[in-house]
Amino acid sequence: MSKNFFDYDDGDYAHSISDNMAIDSDGNMMMRMGDNMAMDMDTGDLHFISSWPDDEDDDD
């Protein structure tokens, strides 16, 4: 489950802590909205990210 991805809006990396939640290098919580989109839980802003695939995609 441990996945890292890059947040293009903030210019930093984030680390997934569950299927739909992650924490970035500044300590901000992010919620997965899609493979390449996450929402900052503090501000509600949408961020474009590198790939954060769903765990169901890993079964292939």
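How many residues lie between β4 and β5 in the hairpin they form? Two residues sit between these strands. The protein has six strands and zero helices, where helices (H or I, at least four residues) and strands (E, at least two) are DSSP runs numbered from the N terminus. Keep in mind that this is a predicted model: local features need pLDDT of at least 70, side-chain atom pairs count only at pLDDT 80 or more, and totals for chains, interfaces and linings use all residues. Residues are numbered from 1 along each chain as its sequence is written, and side-chain values use heavy atoms, with hydrogens and water left out.

**Overall layout**

- Reading from the N terminus, the order of elements is β-β-β-β-β-β.
- Of the 60 residues in the protein, 32% are buried; here buried means under 20% relative accessible area, exposed means over 50%, and partly exposed is in between (1.4 Å probe, protein chains only).
- The areas themselves come from the Shrake-Rupley method with a 1.4 Å probe, and for residues only the protein chains shown count as cover.

**Strand pairing and hairpins**

- Two strands pair if DSSP finds at least two bridges between them.
- β3 and β4 are antiparallel partners with three bridges, and Ala 22 has Met 30 in β4 as its bridge partner.
- The β3–β4 hairpin has four residues between its strands, and Gly 27 in the turn shows a positive phi of about 90°.
- Next along, β4 pairs with β5 (residues 37-40), again in the antiparallel sense, over four bridges.
- Within that pair, Met 31 is opposite Met 39 in β5, while Gly 34 has Met 37 in β5 as its bridge partner.
- β5 also runs antiparallel to β6 (residues 46-48), joined by three bridges.
- Met 39 turns up here too, with Leu 46 as its bridge partner in β6.
- The hairpin of β5 and β6 has five residues between the strands, and Gly 44 takes a positive phi near 85° there.

**Charges**

- Searching the whole structure gives one salt bridge, meaning a side-chain nitrogen of Lys or Arg within 4 Å of a carboxyl oxygen of Asp or Glu.
- That contact links Asp 35 and Arg 32, whose closest N and O atoms are 2.5 Å apart.
- Arg 32 counts as buried at 16% relative accessibility, whereas Asp 35 is partly exposed at 34% relative accessible area.
- There's also a surface patch of negative charge made up of Asp 9, Asp 10, Asp 26 and Asp 45.
- Patches take residues with over 30% relative accessible area and no salt bridge, joining like charges within 9 Å and nonpolar side chains (Val, Leu, Ile, Met, Phe, Trp, Tyr) within 5 Å.
- For charge, Lys and Arg count as positive and Asp and Glu as negative, with His and the chain ends not counted; the place of a charge is NZ of Lys, CZ of Arg, CG of Asp or CD of Glu.
- Asp 26, one of the patch members, is in the loop between β3 (21-24) and β4 (29-34) and is exposed, with a relative accessible area of 58%.

**The β2–β3 loop**

- Ile 17 lies in the loop between β2 (12-16) and β3, where Ile 17 is partly exposed at 45% relative accessible area.
- From Ile 17 to Met 29 is 12 residues in sequence and 9.6 Å in space, C-alpha to C-alpha.
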